[in-house]
Amino acid sequence: MSTSSLIDTLQKMRKFFNSGETRPYKFRREQLQKLRSAILFNEKKLHDALYADLKKSPEESWVAETGFLISEINAALKNLRRWMRPEKTKTNLVNLPSASYIMKDPLGVVLIIGPWNYPLQLLFTPLAGAIAAGNCLVLKSSEFAPATSAIMKEIIEENFPSEYILLTEGDGATIVPAMINGFRFDHIFYTGSTAVGKIIYKMAAEQLVPVTLELGGKSPAVIEEDANINVAARRIALTTFSNAGQMCVAPDYILVNEKVKERFINELEQVVKRFYSEDPATSYNYGKIINERQFDRLINYLQQGKIVYGGKFDKAKLYIEPTIVEEVPEDAPLMTEEIFGPILPIIPFKTFEEAKAIIDRNPDPLAFYVFTGSSKKEKQWVENVSFGGGCINNASWHLTNHHLPFGGIGNSGIGNYHGKNSFETFSHRKAIMKTPTWFDPDIKYPPLKGKLWLFKKVIR
Ligand code: NAD
């Protein structure tokens, strides 16, 4: 689609939104049902595409992509009527006998931009929230997961008219600025790297368009001396190496109390072998790196520490073995950049202060995990580290609970979504006060002279 016909479609979308057709409960419900049916109908195609793009097994795809999305849609369908209901609030003394409430208005035409690592989940979960909130939508899929993008495009085109939902593909650096500069969106929801997030934020600021930015960062996991080491190793290995480590909330590095370091590393090695066999290259459970650019970036990291486990790779297969490294200098890119791959640095620490200082070098991670048996230590960590969201004695699973808001803070993002939070993100809380006409005392109108004492009584 050329830029001018794209902008033309966006104008049509604005008209369609202004017609009010997307507002009624019935319309929203039908679209969510249509989306759910289409995902279930195309489940096999989607799973095949996710395998082609990232070598995800159908099981992993269900947990992290299709099933995840279905559960978000189900939550929206179950609660939509309640979420849409205007929220009654109190009215203060000076405004009595008015009544006050908050309407949940759709924002209008919104743009959702997705990354490649969970190409379906991270584009269609915000889509479900935006449909529930009554918006028109433009989706921009990642060009680096083309197989999944093609099926998502098919699903959108077969089920929704282009003036309601449009999926655009192509090079983000070209198509996104063309859209943002040629049309004023009512909201931009972006998931991806912090670097591109800043570009989007600047473009949006030019037109005062509000944004949600779901970004990345270096998410640490802390293993305290009193942690259940077996469980910690299993839970960390599961999310660090799932999708070959290309997960925004995967533990990026481990801070482990030096007294349990050897035990933890031994346990982690055993777990990795159990999960992915002695040869993860042939494992049903192990994914691949998305493309050569990411592969080359990750291979460079392998020189930046002492490899204690793994380290094998094969460019032809875009394969990098689950790898554990130690003795990484603090200024090495492995410890200053988000890794986003199956390489896990292990850093021993003696004291809370020492470990906290390491975390503070890359502030505001998207996620943070602490493994400990002590509620005192747990409290100390979660209160003293700034992070988007996280887990105690677990890793990454907080994002699968749609009752929790999912989002970053500072460097890792702005805003949040999932479940009701998605609906709120794509709605405007419109404040309304309704005042009856039967009561209209002269007292609040000029002349005001001499009424100060009364105003002081009523307004305080
Ligand atoms: P990316 O920033 O390269 O790309 C994301 C999207 O932005 C793509 O659709 C791309 O086409 C578009 N884009 C790229 N350059 C652009 C530009 N100059 N202008 C406008 N749009 C542009 O990110 P990625 O490599 O796809 O994803 C990896 C990053 O995303 C990691 O940092 C990861 O932590 C983060 N991430 C965050 C979350 C989260 O939920 N917070 C989830 C997944 C990934």
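**Ligand site and fold**

Guide: An oxygen atom of the ligand sits 2.7 Å from a polar backbone atom of glycine 114. A polar contact here is a pair of N or O atoms within 3.5 Å; within protein, one must be able to donate a hydrogen and the other to accept it, and residues adjacent in sequence count only if both atoms are side-chain atoms.

Visitor: What kind of model is this, and how are residues numbered?

Guide: This is a predicted model, where local features need pLDDT of at least 70, side-chain atom pairs count only at pLDDT 80 or more, and totals for chains, interfaces and linings use all residues. Residues are numbered from 1 along each chain as its sequence is written, and side-chain values use heavy atoms, with hydrogens and water left out.

Visitor: Back to the ligand. How far is its oxygen atom from the side chain of tyrosine 190?

Guide: An oxygen atom of the ligand is 2.5 Å from an N or O atom in that tyrosine 190 side chain. A ligand nitrogen atom lies 2.7 Å from a polar backbone atom of leucine 215. The protein covers 91% of the 850 Å² of accessible area that the ligand has on its own. Areas come from the Shrake-Rupley method with a 1.4 Å probe; for residues, only the protein chains shown count as cover.

Visitor: How many residues surround the ligand?

Guide: 28 residues surround the ligand, and the closest are Gly114, Glu143, Tyr190, Leu215 and Glu338. Near means that one of a residue's heavy atoms lies within 4 Å of the molecule or strand.

Visitor: New topic. What is the strand order in the open sheet of seven?

Guide: The order is S10-S13-S14-S9-S8-S15-S16, with mixed pairing. Strands (E, at least two residues) and helices (H or I, at least four) are DSSP runs, numbered from the N terminus. Two strands pair if DSSP finds at least two bridges between them.

Visitor: Which strands stand at the edges?

Guide: Strand S10 (306-309) and strand S16 (389-392) do. Each has a single partner strand, so one side of each is left without a neighbour in the sheet. From one strand to the next, the twist averages 25 degrees. Axes are lines fitted to C-alpha atoms, for helices over the stretch in contact, and angles run from 0 to 180 degrees between N-to-C directions.

Visitor: How do S13 and S14 pair?

Guide: Strand S13 (residues 323-326) and strand S14 (residues 343-349) pair in the parallel sense over three bridges. Isoleucine 324 stands opposite leucine 344 in S14.

Visitor: Which helices lie across strands of that sheet?

Guide: Helix H9 (residues 229-241) lies across S8 (220-223), S9 (253-257), S13, S14 and S15 (367-371), at about 170 degrees to S8. Helix H13 (residues 352-359) lies across S8, S9, S14 and S15, at about 170 degrees to S9. Contact means heavy atoms within 4.5 Å.

Visitor: And S2? What does it join?

Guide: Three bridges join strand S1 (residues 87-89) to strand S2 (residues 99-106), running antiparallel. Lysine 88 has tyrosine 101 in S2 as its bridge partner. Eight bridges join S2 to strand S18 (residues 427-434), also antiparallel. There, the bridge partner of serine 100 is methionine 433.

Visitor: Where are the cis peptide bonds?

Guide: One runs from leucine 96 to proline 97, with omega near 10 degrees. Proline 97 is in the loop between S1 and S2. Another joins proline 446 and proline 447, with omega about 0 degrees. Proline 447 is in the loop between S18 and helix H16 (452-458).

Visitor: Which residues other than glycine have a positive phi?

Guide: Among them is alanine 244, with phi near 50 degrees. Alanine 244 lies in the loop between H9 and S9, and is buried at 0% relative accessible area. Serine 277 has a phi of about 70 degrees. Serine 277 lies in the loop between helix H10 (261-276) and helix H11 (292-301).

Visitor: Is serine 277 buried, exposed or in between?

Guide: Serine 277 is partly exposed, with a relative accessible area of 32%. Buried means under 20%, exposed over 50%, partly exposed in between (1.4 Å probe, protein chains only).

Visitor: Last one. What does isoleucine 7 touch?

Guide: Isoleucine 7 touches Ala178, Met179, Gly182 and Phe183, not counting residues up to four places away in sequence. Isoleucine 7 is in helix H1 (residues 3-18), and is buried at 15% relative accessible area. Isoleucine 7 and glycine 182 are 175 residues apart in sequence and 6.5 Å apart in space, C-alpha to C-alpha.
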